[in-house]
Amino acid sequence: MVSSVGGSAMPFTIGQAFREGQVPSGSAVGSDIPEFQSVVKNRWPDGSVKFAILSGRVDLSSNTWKTIGLSVDAAPAAQTPVSTADIKATGAAASVQFGSFGTVSWSAGDWDTPVQTWVSGPQMSAFTYRKPIGSDAHLVAWLEVRAYKGGRIEVLPWIENGYLNVASPTSKSGTATFTLGGTQRFSQSLTLLNHQRAVLASGTTLTHWIGGDPQVTPRHNTAYLMSTKLVPNYRGVTSSNSSLFGRLPTSYTPLMQASYPDAMGGTGYHPGIGLMPEWDAAYLTSGGDPRAYRGVLINGYAAGRYGTHYRDETTNRPLLFSSYPNLVMNESSGVAFVGASSTNTYTPTASGGTPPTYDSPHHPSMGYMAYLLTGWNYFLEETQLVATTNFLKQNNTTRKTTQGVFETSSGANITRGAAWSIRTLAQAATITPDGDALRTQLSNSLDANISHYHAKYIAQPNNPLGVVEPYDHYDGTSGAWRAAPWMDDFFTATFGYAKELKSHGSAVQTKLDEFLAWKYRSVVGRLGGSAGDAIAYPYAAQYTVYYAPSNSANWSNGTGPWYSNWGDVARAMGLSTTASAGAPLNSGYPTDPTAYWGNLMPALSYAVDHNATGAVDAWNRVTSASNFSTLASGFNDNPVWGTRPRSR
């Protein structure tokens with residue numbers, strides 16, 4: 001880590017993922033600095049540490065990087081944690097004003113009653129506070145406060161205009177002002193539309209300090225972070241002078257667009273679409289460049305612009321699926337393609353303007369990477385709120401009421417919508433702390449999706465190609481069933497990623513393994529050599545391919561009719577089934593890292609790592625193609641799709 005100001009006993013907090021088994025149950029994360037704490041939030045199924053929030057104080061020379069080593073230690077002796085009394089002892093005071101709606105403040109005894117203690121430790125404790133603003137039924141001011149040993153305090157403040165079932169959600173305008181320690185830290189005119197939230201910071205200041213901002217920036221060992229499997233394994237190496245950095249935001253304004261699209265749901269490539277968006281992948285491929293770090297956090301804040309913040313007013317937390325079996329989102333908050341409720345149970349109609357369009361088939365991962373790097377609960381809730389939005393927008397019968405199933409053939413999801421919603425669900429389940437009731441429900445929903453797809457494609461015979469039912473076919477009312485294999489690749493990659501996150505229950509492990517063994521046929525079968533039972537690998541990346549010889553194929557009971565293998569598909573389409581070693585990649589913009597060859601890389605990478613039949617040979621064919629090196633080099637500046645197997 002580095003500090004631009006330097007000094008002694010500089011406080012810091014970071015999030016840190018760990019490889020399964022590295023810090024066994026009964027052991028603790030230690031460090032080579034004396035003032036250090038580790039608070040474990042998640043464990044792997046074997047009990048080893050999965051994710052922890054690390055804090056401490058360290059001497060730093062200005063603008064000089066210092067490496068902090070971690071170790072596996074015995075559990076430390078209990079020490080007195082930093083408490084709310086320590087906040088009071090500093091005389092800290094904070095206030096949030098929002099125009100004529102009112103002002104709320106915290107001082108003295110107000111610090112005694114946080115709504116949540118997020119971290120408790122001898123170096124740093126974190127507390128969450130909230131107060132309604134004036135008499136408004138929707139506006140709430142929130143503070144997430146980190147109190148450090150030695151008296152420094154860090155505050156992340158925001159205003160939220162979103163509840164689940166409170167009547168008459170509408171826009172609210174005013175000048176938002178945040179004051180801390182007697183000094184105005186932020187003031188800006190702000191219009192919060194329904195179900196938006198805005199962090200009260202601006203420019204390069206992303207949090208506010210009492211006692212002096214140490215201006216510490218961490219730089220994780222990104223090779224190690226990728227090895228934990230909580231993020232994909234990227235092959236790109238983004239240089240310090242890459243054009244990518246010109247696409248990342250460098251300063252923050254509440255509700256800004258940042259790296260998000262002009263209109264979520266637009267056709268074609270967008271750097272937000274993938275297992276992780278470009279701004280998150282860039283941190284990994286650049287070795288933790290500080291510009292990428294800032295881009296991750298700013299985009300995590302900017303997600304507040306979407307009308308996806310449906311906080312349950314009965315708990316002041318993201319909703320539990322089990323509490324709302326039939327509730328469906330009203331079509332008024334900028335969320336596209338909302339379903340219907342069989343019981344006519346909807347969230348209240350919103351007015352006063354519509355937030356920017358949120359479209360689940362095109363939504364990026366939001367908040368997940370920012371949480372992994374920082375441990376701020378704000379970012380965790382962002383991921384949880386997106387996951388619960390994806391649940392709420394669906395028809396209650398399609399999602400199977402409380403189960404939260406995402407069906408690929410549903411018009412509200414489509415194949416890619418199901419893929420990205422399950423990705424977000426798996427990420428939310430992964431980072432929600434163990435023992436939290438929401439963690440249990442997110443995991444149960446992930447299990448329900450695994451069981452749903454196993455029942456449809458494995459428990460009964462279905463197509464031998466490994467493709468899931470798409471929402472539509474591209475050839476009208478006659479002919480073969482033609483659909484987009486790149487969407488199917490998204491779905492394959494999502495389940496491969498979910499397997500590595502290990503946030504599902506042990507009871508569905510066999511079902512997941514069996515489903516993936518079948519699912520990987522969809523990508524491996526399009527990358528054949530000379531056997532004649534597959535599409536020849538140079539032609540794998542088509543915009544559409546045939547899935548079935550008839551567009552009336554029965555997917556529900558699995559009877560088809562079906563092609564017997566991908567070779568039959570190739571012959572029906574007039575594509576080759578044989579290719580010589582080293583033949584160039586031919587279709588699908590073969591040297592463009594943002595096109596269809598890129599789209600299949602995550603699916604193929606997980607197929608190789610999970611020992612899918614034929615996957616290694618398929619990988620070797622692709623990477624031996626005469627023009628593959630051109631494609632691979634493109635992933636340095638456009639890293640989203642540039643994954644590679646961990647085993648190769």
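H6 covers residues 377-392 and reaches 22 Å from its first C-alpha to its last, close to the 22 Å expected at 1.5 Å a residue; the expected span is 1.5 Å times one less than the number of residues. Helices (H or I, at least four residues) and strands (E, at least two) are DSSP runs numbered from the N terminus.

## Basis of the model

This is a predicted model, in which local features need pLDDT of at least 70 and side-chain atom pairs count only at pLDDT 80 or more, while totals for chains, interfaces and linings use all residues. Residues are numbered from 1 along each chain as its sequence is written, and side-chain values use heavy atoms, without hydrogens and water.

## The three-stranded sheet

An open antiparallel sheet is formed by 3 strands in the order E2-E5-E4; strands count as paired if DSSP finds at least two bridges between them. Its edge strands, E2 (7-17) and E4 (36-43), each pair on one side only.

E2 and E5 (residues 49-60) pair in the antiparallel sense over 9 bridges. Thr-13 stands opposite Ser-55 in E5.

## The four-stranded sheet

A further open sheet has 4 strands in the order E8-E7-E13-E14, with antiparallel pairing. E8 (102-107) and E14 (183-192) stand at the edges with a single partner strand each, so one side of each is left without a neighbour in the sheet.

Strand E7 (residues 93-98) is joined to E8 by 6 bridges, and the two run antiparallel. Val-96 has Val-104 in E8 as its bridge partner.
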